[in-house]
Amino acid sequence: MSWNNPCSAQYNKVVGQDDFVPPSPSRPTTSLPKKLRLAQTGLPENRPKNLRVCKHVVNNVATTFSIADMDRLQRPAPEPILQEDRAMVDTEAQKYNDLEVLDSLHVYEYNQPDVFRRSNAPDDTLFFDSLFENGNLQKAVRVFRKRSTGSQTLQQEYELVIHPDVNNGAYRQWFYFQVRNGRPGTTYRFALVNLAKRRSLFGQGLQPVVYSQHNARANGIGWRHCGTFVRYDVSVSTLAPLGANTLSFQYEFEHQNDCVFFACLQPYTYTDLMDYLEQLERDPERMQLLCRTELCQTIAGNTCDLLSITSPEINELLLDERRIIVLSARVHPGEPNSSWIMKGMIDYLTGPSSGATILRQHFIFKIVPMLNPDGVINGNTRVNLAGCDLNRKWSQPIEQFFPTIYHLKQHLAYYQSTNRVAIYCDIHGHSLNRNIFMYGCYPLSRKSSISDVLFTPSFIARDNSDPRAFPVIVARHTSCFSLPGCNFKIHKSKVSTARVVVNQELGVTNSYTLEASFCGPDVGKNKDTQFSTYDLEDVGRAWCQSLIVYYGLTNEVEALDAEQTRVEKLENQQEVVADQNTSIQNITSSMHGMAEDKETRFEKGVLGDGDTATAAPFTQSDCKVNDIINFQESNAQISDLSSGEEAPDLPTFELEESRNQKNTTTNRFWITESHSQRERENMKTSGITKSKFVMCHLTSKGPNAARTKRKGKPKIRRFNSEMATSSMRSIRDDAATSFRNLAVLAARPVEEASNRNGKQVSSVSHSNSITARTKGSSKTSLLQLPNVFLRRNRISKTAPAYERNFSKREDQSYFNLTKLRADLPVLPLSGRNQNLRRQT
């Protein structure tokens, strides 16, 4: 059996689509002036216009903005509830109150900094402050009591008065203040003496939250539940009004000169919300899914934001065809846990998960994260600047006094005029009950109870017209949710609340209030622990995930997950293929480099072999050391020939062993003044002038290449490796072939000259030498200069002329051949360092 709201049809009759005037379009907050985003108190006579902002490290997990990795983040260690012997705590409190009060010092007053200076307090007195956003400590008094006998523990006692809500002194429950000058080793007793509620979860396991700036900077530790001997009882202080209650607890400071904050719950200020929304807008992916506009401005001039979250119209439902889910929070400023749940919802709905993607394709989420910014800024517990509880003004909201409620109700009425509102949920915090639970609107019969209906197996199979179905699904997604704590009755005191008005007047069946305990759950896996900000955000994510099951979208989510898995596998395969291609390219490049190195080495070897083969007939000649005289001016060299000085190519000579050990590769020729007239003429005929240095080489062009006479003046050029690199392989083949022929020509004259002089030609065996083996002999004879190059009429074309037998008088008149190979870029002829003589 389905149940429909009878007020839905009545609403459609009274306010039809044609008669309804839509609300004025919202202004984007991105176009607002910078000053409108600052937290404004709206009370310039009693408080500063803009209060100081205190930003805190909540915890490293909850503040992580990468929501895609939220499921892989490790949950912070749970904080168990404080379990103390109530009888012992009461006994200690009674003994302490019985001590005689000796004196008291007024050390702090809100917005009056001169109070502490005028009090003449001792140096160990604490410094209090709450003149910042959301702070609300009004007065602090240090109490001096007579010390109990036998007590050696240093103790200090302070009675604190909480600032009542602006324009309504009946609400005094939220507290948030700062303390300095605490000293380790001293026990401090704090007593908040003017709290309004008769009952509280303090004293039943709940502890105040404490924030140490030293721990935050050093260890990244944010808000923690701390304090011992926590007691909540009727106040007996003279500072408390009649009927007030006192929260007392003891605390010991951990660090010297530390700044410590105390609060009822983990604070979430208006500035925190502004920073968070700006961070969302800076995200390039989330900004495509989120539209931030201004719902209205508050009495103090603060902006009340309205967020719209959905997917663009790309092969999906049109925006006009999508149903709308409306969420709101923080109508009561003293319930910051509702803001943490809202933050978890926004994180999930703007995240990249498949569930959030499907929800955005089917729904438009309209979210008001903070309905009472003025109350949050001023540190109120329940009301706005008009002094009214906004959650009791939904029946007839007045725009001038309750602007946020008025404009939100206008938006809801406009959306519901076409029955587009699927769910409305207002998020609150609860100071008396444990767990997470929901309130709804459903008329129950007297014979049936909620528990009987909720735990019926066929209950889930009912249609969406029953508002009790959705809380059951939420309970399956979060272990801290309590179904017995849910209530669907409509009490007379709740008639003007949001969930009842939206249900009864606007006809929205699924109109809820989501309540979160100040303390923590007493069921589930986290039983008897206190809520952290991570736990509260996780409740928001679980609530959104329940929408997928409630509206039957699990198949689409599974299909999207399968598609994403397939795409990820394909991407992984492509990455593997890309890695393989990269490896193949690296191997190919390496092999190519090795081939290039091998080819380069081969070319260098060919070049060296060609130069060696070219110089072999001359460097390996049998030449006496005494036949060559070192010239004294060998250091006076001229590196280049002038344009008018030209010389033919000269052969390369190898000198004595002592000069071969220097590993030189350059040969130099000099003409001295002491040469004979005949020798000078021969040298001048050869083109070598006085005191000039010539570098040249002998070029071979093949086995039958004949040396032709140059026409005109030959052009002098230096020999370098670049002259041979273009024809490396041909040089090797031509040189080898040429000098094999030279070996045949040189073998007989060398043997004859050797036999005639009675000397043996020295031979050196080397792997790089070009040699010729004679028949019937196992020894290797070096190539020698053929006689054809030693003829008198041919020497002038190839080398300086000189004779074999010289007298001692003429020894110093000849040129120096000391460093003939110094500048030639050939490989060192290792192994040829023995005495080689040229036979002429």
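Colleague: Where does UniProt place the feature "coiled-coil region"?

Modeller: The record puts it at residues 553-580, in an unreviewed entry. Keep in mind that this is a predicted model. In the model, the span is 96% helix and 0% strand. Its end C-alpha atoms lie 40 Å apart.

Colleague: Where is Ala559 found?

Modeller: Ala559 belongs to helix α14, residues 554-619.

Colleague: What makes Ala559 partly exposed?

Modeller: Its relative accessible area is 47%. Buried needs under 20%, and exposed needs over 50%. The value for Ala559 falls in between, so the residue counts as partly exposed.

Colleague: What separates the C-alpha atoms of Ala559 and Ser354?

Modeller: A distance of 9.3 Å, although Ala559 and Ser354 are 205 residues apart along the chain.

Colleague: Which residues of α2 are buried?

Modeller: Val89, Ala93 and Tyr96. They cover an arc of only 65° around the axis, so they sit on the same side of α2. The face of α2 turned away from the buried side carries the exposed residues Lys95 and Asp98.

Colleague: On to the strands. What makes strand β20 largely enclosed?

Modeller: Count its buried residues. Strand β20 spans residues 510-517, and eight of the eight are buried, so the rest of the structure largely encloses it. Both sides take part. Asn510, Tyr512, Leu514 and Ala516 point one way, while Ser511, Thr513, Glu515 and Ser517 point the other way, and all are buried.

Colleague: Why is Glu515 called buried?

Modeller: Glu515 has a relative accessible area of 8%. The limit is under 20%, so Glu515 is buried. Glu515 lies in strand β20. UniProt, in an unreviewed entry, places the feature "active site" at Glu515.

Colleague: Which strand pairs with β20 in the parallel sense, and over how many bridges?

Modeller: Strand β18, residues 421-430, over eight bridges. Cys425 has Tyr512 of β20 as its bridge partner. Strand β19, residues 436-439, pairs with β20 in the antiparallel sense over four bridges. There, Met438 is partnered by Leu514 of β20.

Colleague: What is the order of strands in the open sheet of five strands?

Modeller: The order is β4-β7-β13-β9-β10, with antiparallel pairing.

Colleague: What makes β4 and β10 stand at the edges?

Modeller: Each has a single partner strand, so one side of each is left without a neighbour in the sheet. For β4 the partner is β7, joined to it by three bridges. Phe128 has Val179 of β7 as its bridge partner.

Colleague: Now the rings. How many aromatic pairs does the structure hold?

Modeller: It holds 32 aromatic pairs. One of them is formed by Phe128 and Phe177.

Colleague: Why is the pair of Phe128 and Phe177 called tilted?

Modeller: Check the distance, then the angle. The centres are 6.3 Å apart, and the planes are at 45°. A pair needs centres within 6.5 Å, and the planes must be under 30 degrees apart for stacked and over 60 for edge-to-face. Phe128 lies in strand β4 (residues 127-129) and Phe177 in strand β7 (residues 176-180), so the pair ties together parts 49 residues apart in sequence. Phe128 and Phe177 are both buried.

Colleague: What makes the pair of Tyr188 and Phe253 edge-to-face?

Modeller: Their centres are 5.0 Å apart and their planes are at 85°, so the pair is edge-to-face. The angle is over 60 degrees, as the term requires. Tyr188 is in strand β8 (residues 187-195), and Phe253 is in the loop between β12 and β13, 65 residues apart.

Colleague: How do you know that Tyr188 counts as buried?

Modeller: Its relative accessibility is 0%. Phe253 is buried too, with a relative accessible area of 4%. Both values are under 20%. One aromatic cluster includes Tyr188 and Phe253, with Phe128 and Phe177 also among its members.

Colleague: What sits over the ring of Tyr534?

Modeller: The charged end of Arg541, 5.6 Å from the ring centre. The distance limit is within 6 Å, and 5.6 Å meets it.

Notes
Residues numbered from 1 in each chain as written. Predicted model: local features only at pLDDT ≥ 70, side-chain atom pairs only at ≥ 80, totals over all residues. Heavy atoms only, no water. Phe/Tyr/Trp six-rings, centres within 6.5 Å; stacked < 30°, edge-to-face > 60°. Helix = DSSP H or I, 4+ residues; strand = E, 2+ residues; numbered from the N terminus. Buried < 20%, exposed > 50% of the residue type's maximum accessible area, 1.4 Å probe, protein only. Lys NZ or Arg CZ within 6 Å of the ring centre and 35° of its normal. UniProt positions renumbered as here; feature names shortened; annotations may be inferred. Pairing = 2+ DSSP bridges. Arc of directions from axis to C-beta.
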